[in-house]
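Dear colleague,

I am passing a structure on to you with this message. Please look through it first; a description of what was found follows below.

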Amino acid sequence: MSAPRTSRKVLGRLSLPERTFVADALRTETVGGVLLLVAAVAALVWANVPALSDSYDSVSDHHFGPAALGLDLSVAHWAADGLLAIFFFVAGIELKRELVAGDLRDPKAAVLPVVAALCGMAVPALVYVLTNVVGGGSLDGWAVPTATDIAFALAVLAVIGTSLPSALRAFLLTLAVVDDLFAILIIAIFFTDTLNFAALGGAFAGLAVFWLLLHKRVRGWYVYVPLALVIWALMYNSGIHATIAGVAMGLMLRCTPREGEEHSLGERVEHLVRPLSAGLAVPLFALFSAGVTVSGGALAEVFTRPETLGVVLGLVVGKAVGIFGGTWLTARFTRASLSEELAWADVFAVATLAGIGFTVSLLIGELAFEGDSTLTDEVKAAVLLGSLIAATLATVLLKVRNSRYRRMTEAEERDEDHSGVPDIYEQDDPEYHLRMAAIHERKAAEHRRMAEEKAAELARLAEVTGGAGEENDRRA
């Protein structure tokens, strides 16, 4: 007789190592997200204040770099192709870690975020296509609303002050990692027109040398940084978007610790590079990409032009419906059940938050409508507006449940035995219960002592009061 099939939990409590990693990663991303938000606002101010707008254009269009190597690029171009390679390098490490040590390692656990992410990309693309088929617009921008910006989403969480539980934060992070993977594939497959096979061969040769040096355990940033720059330059000249070089190198790093190592090579490198990505590379890209001219008329046109309307609807409606629908369908057909601590309303709120598509959406918008500067700027405005609407809706939905989230977060972080490990992870450890027993015994002893002192004090007070009453009776 076969054993009864147990129901698997969706968005259950993370393991302690995974929770620690997620907390560390999101802490840096949150700081980077706030800087990203500041950079986006600065770009909008710089591009829209009449006295400053000309200088924004002149700085963005200023060219520099070795022309002989095909690298005489504008500042905005360097930011999009150069600095974002650092962002995608970190994304490659994150993806590798998820595949070998994180949630994506277990096929059963990987089904949920992968299906949710795929639906969260397919439905926005479908919404964009349908909008433009009906409206007679260009289908070139179908990929613009497919991306989620995890840093911007976390910045929104930081600004509104919500205490999102670690399971939902990890779900959002894993979604973004899978999202980044497919965004990379979209850029590599659909936005490569012509190939320079000599440069591409050189880039592959450089990647082979990069892998060999890692395999031989050669150390030293002075070896890898120059090699990475050569690989990036060759990839750029090959016709494939140069950020692919960053992803490829990130995927090559070892993300499982060897014996005697506390952290793997990939985790150590990510710890060093992530602040550079989140704190410098992505904000500078935002500064030179988000500077679009915004006016009342321009914002109104976002809702009348099919290309821009498709982007807004894709981010706001497509993302929420796709991620929520993918999660629900996965739970339904795998007989999994949602964690008792959460409700489907929480999943929908996170799905709405994932509609914030900023960094990669802006990049794909530039690639999709390259050569049409007017439409490129309008699509960028649509990305900003769609992200703002998604952030506003998510804020409302999350705030409604924030008191519940706060209680869950407090329970996750409570450490009454002061062991450095949250109590919720020590319920099966006998030593934890012995420590708690000792703590309660000390508290009980302290309360007994206080009770005895209070009783003695009350007895003395009663004796003094009683003696005074007898003396008054004798006088009477």
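Are aspartate 179 and lysine 319 buried or exposed? Aspartate 179 is buried, and lysine 319 is buried as well. Please bear in mind from the outset that this is a predicted model. The two residues form a salt bridge with each other, and their closest N and O atoms are 2.8 Å apart. This pair links distant parts of the chain, since aspartate 179 belongs to helix H6 (residues 166-190) and lysine 319 to helix H12 (residues 306-333), 140 residues apart.

The chain as a whole

The chain has 476 residues, of which 47% count as buried. Its secondary structure comprises 17 helices and 4 strands. Among contacts between residues at least 6 apart in sequence, 77% join residues at least 24 apart. The chain exposes about 23,400 Å², and carbon and sulfur atoms supply 64% of that area.

Salt bridges

Side chains of opposite charge can pair when their charged atoms come close. In this model the count comes to 13 salt bridges. Besides the pair described above, two others deserve a description here.

One of them joins the side chains of glutamate 94 and arginine 274, with an N to O distance of 2.5 Å. This pair, too, links distant parts of the chain: glutamate 94 is in helix H3 (residues 75-100) and arginine 274 is in helix H10 (residues 265-289), 180 residues apart. Both glutamate 94 and arginine 274 are buried.

The other is formed by arginine 449 and glutamate 446, whose closest N and O atoms are 2.3 Å apart. As for networks, salt bridges that share partners join Glu94, Glu270 and Arg274 into one.

The end of helix H8

Where is serine 238 located? Serine 238 lies in helix H8, which covers residues 221-238. With a relative accessible area of 0%, serine 238 is buried. A polar atom of the serine 238 side chain lies 3.3 Å from the backbone nitrogen of isoleucine 240. Leaving aside neighbours within four places in sequence, serine 238 is in contact with Thr194, Leu195, Asn196, Ala199 and Leu200.

Which residues make the nonpolar surface patch of about 290 Å²? The patch is made by Val41, Val45, Val49 and Leu52. Among them, valine 45 is found in helix H1 (residues 16-48). The relative accessible area of valine 45 is 43%, so this residue counts as partly exposed.

Cysteines

A disulfide is a covalent bond between the sulfur atoms of two cysteines. The count of disulfides in this model comes to 0. Two cysteines may be mentioned for their surroundings. Cysteine 119 is partly exposed, with a relative accessible area of 24%. Cysteine 255 has a relative accessibility of 3% and therefore counts as buried.

With kind regards

How values were computed
Residues are numbered from 1 along each chain as its sequence is written. This is a predicted model: local features need pLDDT of at least 70, side-chain atom pairs count only at pLDDT 80 or more; totals for chains, interfaces and linings use all residues. Side-chain values use heavy atoms; hydrogens and water are left out. A disulfide is a pair of cysteine sulfur atoms within 2.5 Å. Buried means under 20% relative accessible area, exposed over 50%, partly exposed in between (1.4 Å probe, protein chains only). Helices (H or I, at least four residues) and strands (E, at least two) are DSSP runs, numbered from the N terminus. Contact means heavy atoms within 4.5 Å. Accessible areas come from the Shrake-Rupley method with a 1.4 Å probe; for residues, only the protein chains shown count as cover. A polar contact is a pair of N or O atoms within 3.5 Å; within protein, one must be able to donate a hydrogen and the other to accept it, and residues adjacent in sequence count only if both atoms are side-chain atoms. Patches are made of residues with over 30% relative accessible area and no salt bridge: like charges are joined within 9 Å, nonpolar side chains (Val, Leu, Ile, Met, Phe, Trp, Tyr) within 5 Å. A salt bridge is a side-chain nitrogen of Lys or Arg within 4 Å of a carboxyl oxygen of Asp or Glu.
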